[in-house]
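Work through the exercises below with the sequence and the structure side by side, and try each task before you read its solution.

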Amino acid sequence: MEAQTKYQKKNSGTLNNRKKILVFETNSAKETEKLGFKIAHMIKKYGIRCAIFTGPFGSGKTTIIRGIIKKLTGKNHVTSPSFTLVCEYTEGEFPVFHCDFYRIKSPVELESFGFKEYEKGLLLIEWPESAYEKIPENSLKVMMSFVSLTRRKITIIFP
Ligand SMILES: Nc1ncnc2c1ncn2[C@@H]1O[C@H](COP(=O)(O)OP(=O)(O)OP(=O)(O)O)[C@@H](O)[C@H]1O
Ligand SMILES: [Mg+2]
């Protein structure tokens, strides 16, 4: 079933409304950031409130999020919020919250994390594994993987 709905286009991709999964490959951090612009467009178009980003260290989660935030808020400098858990960007039409749960080892640690508060804006989550219980079903999923040192495969799954 999944294979039938899969849409593949290398180097660049176009949004096809009838497909549930988009697969892209990028050749540089810059290209990945630009793909973030495209995802920002999808987020607005489909009214997405939460997106999760999975993939190994250095696969480009922060890079693609940097593109999304740049497009949505005009802010250029996005660093990973590893130590603060969440960074807030309020310069756009709606607030954007960038989370990194890498340091969270158990869902219990997130009990006091105010997911409800972030519903007023867009939540972008790196390393979401500890938070799966709390992540809305209708979240956008972005899966990053290495093809080579500079090439990344990015799979986007629509809710
Ligand atoms: N095609 C590419 N797309 C994204 N990043 C790339 C690409 N090619 C090389 N890079 C480099 O890979 C690194 C990606 O780092 P980034 O912080 O975005 O990864 P991450 O998935 O957020 O890692 P972490 O799990 O540590 O948070 C950057 O140094 C970037 O310059
Ligand atoms: Mg990161």
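**Exercise 1. Find which residues come nearest to ligand 1, and describe the shell around this ligand.**

Step 1. There are 18 residues around ligand 1, and T32, K61, T62, T63 and T150 come nearest, where a residue is near a molecule if one of its heavy atoms lies within 4 Å of it. The model is a predicted one, in which local features need pLDDT of at least 70 and side-chain atom pairs count only at pLDDT 80 or more, while totals for chains, interfaces and linings use all residues. Residues are numbered from 1 along each chain as its sequence is written, chains are lettered from A and ligands numbered from 1 in the order in which they are written, and side-chain values use heavy atoms, with hydrogens and water left out.

Step 2. Sorted by kind, the shell residues are five nonpolar, 10 polar and three charged; here Ala, Val, Leu, Ile, Met, Phe, Trp, Tyr, Cys and Pro count as nonpolar, Asp, Glu, Lys and Arg as charged, and the others, Gly among them, as polar.

Step 3. Helices α1 (29-46) and α2 (61-73) each supply at least two residues of this shell, and the largest share, three residues, comes from α2. Helices (H or I, at least four residues) and strands (E, at least two) are DSSP runs, numbered from the N terminus.

**Exercise 2. Which protein atoms are donors of the magnesium ion, and where do their residues lie?**

Step 1. The protein donors of the magnesium ion (ligand 2) are OG1 of T62 and OE of E126, lying 2.1 Å from it. Donors are N, O and S atoms within 2.8 Å of the metal (3.2 Å for Na, K and Ca), and sites may look incomplete because water is not among the atoms.

Step 2. T62 lies in helix α2 and E126 in strand β6 (residues 122-126), so the pair ties together parts that are 64 residues apart in sequence.

Step 3. T62 counts as buried at 16% relative accessibility, and E126 counts as buried at 3%, since buried means under 20% relative accessible area, exposed over 50% and partly exposed in between (1.4 Å probe, protein chains only).

**Exercise 3. Decide whether K153 is buried or partly exposed, and find what it touches.**

Step 1. K153 lies in strand β8 and, at 26% relative accessibility, counts as partly exposed.

Step 2. Not counting residues up to four places away in sequence, K153 touches V23, F24, E25, M143, M144, S145 and V147, with contact meaning heavy atoms within 4.5 Å.

Step 3. Although K153 and F24 are 129 residues apart along the chain, their C-alpha atoms are separated by 5.8 Å.
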